[in-house]
Amino acid sequence: MRRALPTRERRMIGAWCFLDHIGPVDFSGRDGMHVGAHPHIALQTFTWLIEGEILHRDSLGSDQLIRPGQVNLMTAGHGIVHTEDSPPGAGRLHAAQLWIALPAEAADCAPAFAHHPDLPRWTEGACTFTLLAGRHGPHQSPARLYSPLIGLDIHSTDASRLTLPLDPAFEYGILPLEGRATLAGEDFDGSAFACLDPGRDSIDLTLAPDTRLLLIGGEPFATPIQMAWNFVGHSREAIATAQRAWEAGDPRFGPVPGSTRRLTAPPLPWAGV
Ligand code: MN
């Protein structure tokens, strides 16, 4: 697993505030991935599945298996609890797990969960594009977002060259999930996360055979956010209040049906809140 966001160099790309690249890993003969019940606030979790399966359950009663080519979008808002598990007999797993910070006016909204099995998908030459979030040309993702954002998966089966149109109002991040690519003349593989400042209207990409790129972008987020453990907030107080509610078993963070393992929050990283 590799964390591309946040890092010391880069905290956010638009409202995208967290990006883990999971796998590819082979769980054959092992127990797979199991993340016990944990809370979120003021963000959306965004799961893009490339290989394998993950079972999502949450405190709204959602019980959803996600399969390759699909997105799960969970809006935490005021508060939600979820678990993520490999189903029995898990084999390979390859996914991207992202968080989207909610703007202040939506941070306390009602929690929600949406499964998106059918996303806009098209091919150009040897490249298949899947629009995960936002708008690209005539295509629009069904994922309900609260900020101007894009998420785009680009997969090449053969060596490809393309010029990808960009929105000059957006900043972008490009993460190779498989293979190798050249971005605006620079070589990248899975060990690098390329960040582009706003102001570009396109980028030249060269993809090696069997390369997959994840492009995320958005308008620079207007307000600073705080992050601690699984909480995002527009103030440290908002996060401290949520953490106390989680520790107290407050009904703000309800049970996940069928789940018995509940994660413990580490101490808050700030004194005196
Ligand atoms: Mn989570």
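The model is predicted: local features need pLDDT of at least 70 and side-chain atom pairs count only at pLDDT 80 or more, whereas totals for chains, interfaces and linings use all residues. Residues are numbered from 1 along each chain as its sequence is written, and side-chain values use heavy atoms, with hydrogens and water left out.

Helices (H or I, at least four residues) and strands (E, at least two) are DSSP runs numbered from the N terminus. Helix α1 comprises 13 residues, 236-248, and reaches 18 Å from its first C-alpha to its last. This span is close to the expected 18 Å, the expectation being 1.5 Å times one less than the number of residues. The buried set of α1 consists of Ile239, Ala240, Ala242, Gln243, Ala245 and Trp246. In an α-helix there are 3.6 residues a turn, so residues three or four places apart point the same way. Just after α1, Gly249 takes a positive phi of about 70°.

Strand β8 also contributes two or more residues to the lining of the largest pocket, as do β2 (16-26), β3 and β9 (92-101). A pocket is an open set of points on a 1 Å grid over the protein atoms alone, with protein on both sides within 12 Å along at least five of seven lines; lining residues have an atom within 4 Å of a point. The largest pocket holds about 320 Å³ of space. Its lining has 18 residues, of which Phe18, Asp20, Val35, Glu84 and Gln97 are the closest to the centre. The largest share, 5 residues, comes from β2.

The structure holds 1 cavity of 30 Å³ or more, a cavity being a set of grid points where a 1.4 Å probe fits but cannot get out. About 70 Å³ of space lies in the largest cavity. Its lining residues include Thr45, His56, Met74, Glu84 and Phe113. β7 gives the most to this lining, with 3 residues.

Elsewhere, Thr182 is located in strand β18 (residues 181-183). The Thr182 side chain makes a polar contact of 2.8 Å with the side chain of Asp187; such a contact is a pair of N or O atoms within 3.5 Å, and within protein one must be able to donate a hydrogen and the other to accept it, residues adjacent in sequence counting only if both atoms are side-chain atoms.

Technical notes:
Buried means under 20% relative accessible area, exposed over 50%, partly exposed in between (1.4 Å probe, protein chains only). Grid points are joined across faces, edges and corners, and a volume is the space filled by probe spheres set on the points.
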